[in-house]
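Student: I have the sequence and the coordinates open. Please take me through the fold and the contact between the chains, one question at a time.

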There are 2 protein chains.
Amino acid sequence: MISPQLTTTDRTTVKRAAERASDDRAAAYAVLDEGLVAHVGIQVDGQPFVIPMVYGRDGDRLILHGSVASRLMRGLAGGLPVCVTVTLVDGLVLARSAFHHSMNYRSVVIIGDARRIDDPDDVSAALDALVDHLVPGRVAELRESTPAEIRQTLVLELPIDEASLKARTGGPRDDEADLDLPVWAGVVPLHLATTEPVPDPGSVGHPVPSTVAGWSRPTQIP
Amino acid sequence: MISPQLTTTDRTTVKRAAERASDDRAAAYAVLDEGLVAHVGIQVDGQPFVIPMVYGRDGDRLILHGSVASRLMRGLAGGLPVCVTVTLVDGLVLARSAFHHSMNYRSVVIIGDARRIDDPDDVSAALDALVDHLVPGRVAELRESTPAEIRQTLVLELPIDEASLKARTGGPRDDEADLDLPVWAGVVPLHLATTEPVPDPGSVGHPVPSTVAGWSRPTQIP
């Protein structure tokens, strides 16, 4: 059974600003479901690398994918320890001193060992989870993935278990002595926004499906 | 003299989708100047960690900062190899197959060894670069950082040298055989947007400075 709490270990316990940390699984999943890009960290030959990747969440596992020819993906499939971080930027925090400037954000850090998904049906399901993560409902509009496509794709799953959520919300926290300075202080809220969808040449003049026209991210700013 | 090209080595040479890679320093700086959050990767006790951090660019160096009490920051200051990645998400690419779904993005990966900045004047200048990176012109509105604030802040510089830029632009690249499928294909453009600034209680009713009211990111989508 999956615990409603994430497992915090020595490695994921937030040491700094611990009041910003949470081990609530539902809140972490809300961040993962809103994010579009994960930053994936592995170490190769003594050097860390951080690579942006599309991802999806399928229940209690995170799905990553790439080409079977990718060195990074092969390293991950070979059992290298990995860290996957998803960050949402919610606002700029403008204080009355440079020192107290900050950012409002929500961030989930997951560590563990990724595992390659071998079963073709599970690969297909995981790819669907990736596409429906980006555009909910999109898979139902598409043909099924072909066996050749499934063979060319290396899909990894990472259990969402050893993980932590960190967030900052609210306005600046200025020093008492600075409160009377004649400096505007507050928050500039930020969010990801869309503009009009741009059709491919073959789709010009065709109706835009509601999955695309109504696309937005579910946001749960705490 | 700094080369207008970034140094690509075996470690930063983009192996996959090499047509998406560039070593143009100006284009990489445009990405760094637009981004707000860097994902910083280091390895500790055999486990990679990827942490989101505010950053700034000061000429040919990237500035990171944190508390002198932060284990991550002390590790970095101690000379651990680091990878800093900044990613901008420009759009969802919806193809006619799940396989060809993609993301338009620009991403800069920098690797190297960070170095602690010791000189208090240089720390102060680096902190200013961080704040003016978030909100251009903001530093001119603030009092100077105090010696105590400078002592409490650990500021690191990472030379922007061994680095690479990767980007995807444009519409979906479907298989020929899929072009006649009755599926809408195209791009959903994405960008970071603001809403009305929210004043701190002490700033309610005060005029919002143009640095805040006119805040936007310089965007150079290729």
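Student: Which elements of chain B do the buried residues of α3(B) pack against?

Tutor: This is a predicted model, in which local features need pLDDT of at least 70, side-chain atom pairs count only at pLDDT 80 or more, and totals for chains, interfaces and linings use all residues. Residues are numbered from 1 along each chain as its sequence is written, while chains are lettered from A and ligands numbered from 1 in the order in which they are written. Helices (H or I, at least four residues) and strands (E, at least two) are DSSP runs numbered from the N terminus, and two residues are in contact if their C-beta atoms, placed from the backbone, lie within 7 Å. A residue is buried if 20 or more other C-beta atoms lie within 10 Å of its own, exposed if 12 or fewer, and partly exposed in between, with C-beta atoms placed from the backbone; the buried residues of α3(B) pack against β3, β4 (61–67), α4 (147–152) and β8 (153–159) of chain B.

Student: Which residues of α3(B) are buried?

Tutor: An α-helix has 3.6 residues a turn, so residues three or four places apart point the same way. The buried residues of this helix are V123(B), S124(B), A126(B), L127(B), D128(B), A129(B), L130(B) and V131(B).

Student: What is the distance between the end C-alpha atoms of α3(B)?

Tutor: The expected span of a helix is 1.5 Å times one less than its number of residues. For the 15 residues of α3(B) that gives 21 Å, and the distance found between its end C-alpha atoms agrees, at 21 Å.

Student: Which residues have the most contacts inside the largest nonpolar core?

Tutor: A nonpolar core is a set of buried Ala, Val, Leu, Ile, Met, Phe, Trp, Tyr and Cys residues joined through C-beta atoms within 7 Å. The largest has 118 residues. Beyond four places in sequence, V108(B) is in contact with A28(B), V31(B), L32(B), V86(B), A163(B) and L165(B). Those with the most contacts inside the core are V108(A), I110(A), L156(A), V108(B), I110(B) and L156(B).

Student: What rotation superposes chain B on chain A?

Tutor: Copies are superposed by least squares on the C-alpha atoms of residues with pLDDT of at least 70 in both. The shift along the axis is 0.0 Å and the RMSD is 0.0 Å, with a rotation of 180 degrees. That is the relation of a two-fold axis.

Student: Which residue of chain B comes closest to the rotation axis?

Tutor: The distance is taken at the C-alpha atom and comes to 2.3 Å. The residue is L192(B).

Student: Which element gives the most residues to the side of chain B that touches chain A?

Tutor: The contact takes 77 residues from chain B and 77 residues from chain A. On the chain B side they divide into 46 nonpolar (Ala, Val, Leu, Ile, Met, Phe, Trp, Tyr, Cys and Pro), 21 polar (the others, Gly among them) and 10 charged (Asp, Glu, Lys and Arg). Because 100% of the interface residues of chain B are also interface residues in chain A, the copies meet through the same surface. With 9 residues, the element that gives the most is β10(B).

Student: Which residue is the bridge partner of V187(A) in β11(B)?

Tutor: Strand β10 (residues 186–194) of chain A and β11(B) run antiparallel, joined by 2 bridges. The partner of V187(A) is V198(B).

Student: Is D174(A) buried or partly exposed?

Tutor: D174(A) is found in the loop between β9 (162–168) and β10 of chain A. Its C-alpha atom is separated by 6.3 Å from that of H100(A), 74 residues apart along the chain. Because D174(A) has 18 C-beta neighbours inside 10 Å, it counts as partly exposed.

Student: Which residues is R217(A) in contact with, leaving aside its neighbours within four places in sequence?

Tutor: R217(A) lies in the segment after α5 (210–213) of chain A. With 15 C-beta neighbours inside 10 Å, R217(A) counts as partly exposed. The contacts are E34(A) and L192(A).

Definitions and conventions. Pairing = 2+ DSSP bridges.
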